[in-house]
Amino acid sequence: MVLVDAIYTNHSGSMRLLEYFIRYAEQHGRLESFFFLIDARLKSDVVSKLPPESYMVLSPGEAGRREYYKAIPTDIRSIFCFGSVPPPRRIKDRDVTILQHNHSFFESPGYPLRAKLLYVVKLSYIKLKCDPRYQWVVQTPRMKDILIKAL
């Protein structure tokens, strides 16, 4: 089974990708292959397509994620993080893939100073939680270059 960590996925492009992912899995009879951590802020009818036993809704933030990751069920074989942030604990015994779609973590030209500082803190957290074994998925060659430079 694959854990789809969709915490921090609640609007715009990442939400659309998650919706597409769930619809595709449903159409192909594969929903039972996934367990979803859903961000409580996500307002999408696609969550209603998930069987109740195949997802958990958590408040956004690392506290709830940390609690879940403390005791990952043994049937979880790999982890896919939709929200650009690695797992809150280092995962050594499972494959981890992170979808990085938010370039604001890495460059924030024209943003107010407070927003820039917030992104510096977020980037520092991502670097702290990152592991060389983790795989990253990006949407564009430019994002790939930004990610390589930052990490």
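Guide: Let's start with glutamate 26, which is partly exposed at a relative accessible area of 35%. On the terms used here, buried means under 20% relative accessible area, exposed means over 50%, and partly exposed is what lies in between, with a 1.4 Å probe and protein chains only. Before going on, a word on the ground rules: this is a predicted model, where local features need pLDDT of at least 70 and side-chain atom pairs count only at pLDDT 80 or more, while totals for chains, interfaces and linings use all residues. Residues are numbered from 1 along each chain as its sequence is written, and side-chain values use heavy atoms, with hydrogens and water left out.

Back to glutamate 26: its partner is lysine 49, and their closest N and O atoms are 4.0 Å apart in a salt bridge (a side-chain nitrogen of Lys or Arg within 4 Å of a carboxyl oxygen of Asp or Glu). That pair ties together distant parts of the chain, 23 residues apart: glutamate 26 sits in helix H1, lysine 49 in the loop between strand E2 (34–39) and strand E3 (55–58). Helices (H or I, at least four residues) and strands (E, at least two) are DSSP runs, by the way, numbered from the N terminus. Lysine 49 counts as partly exposed too, at 34%.

Helix H1 (residues 12–27) also holds both arginine 16 and glutamate 19, three residues apart, about one turn of the helix. Those two form a salt bridge as well, with their closest N and O atoms at 3.2 Å. Glutamate 19 counts as buried, because its relative accessibility is 8%.

Next come aspartate 39 and arginine 41, whose side chains meet in a salt bridge at 2.8 Å, N to O. Aspartate 39 is buried at 1%, whereas arginine 41 is partly exposed at 41%. Across the whole structure, the search turns up 10 salt bridges.

And the cysteines? The disulfide count is zero, taking a disulfide as a pair of cysteine sulfur atoms within 2.5 Å. Cysteine 81 is in none, and the nearest cysteine sulfur, in cysteine 130, is 11 Å away. Seen from cysteine 130, the closest cysteine sulfur is that of cysteine 81, so at 11 Å a bond is out of reach. Cysteine 81 is buried, with a relative accessible area of 0%, and cysteine 130 counts as buried at 17%.
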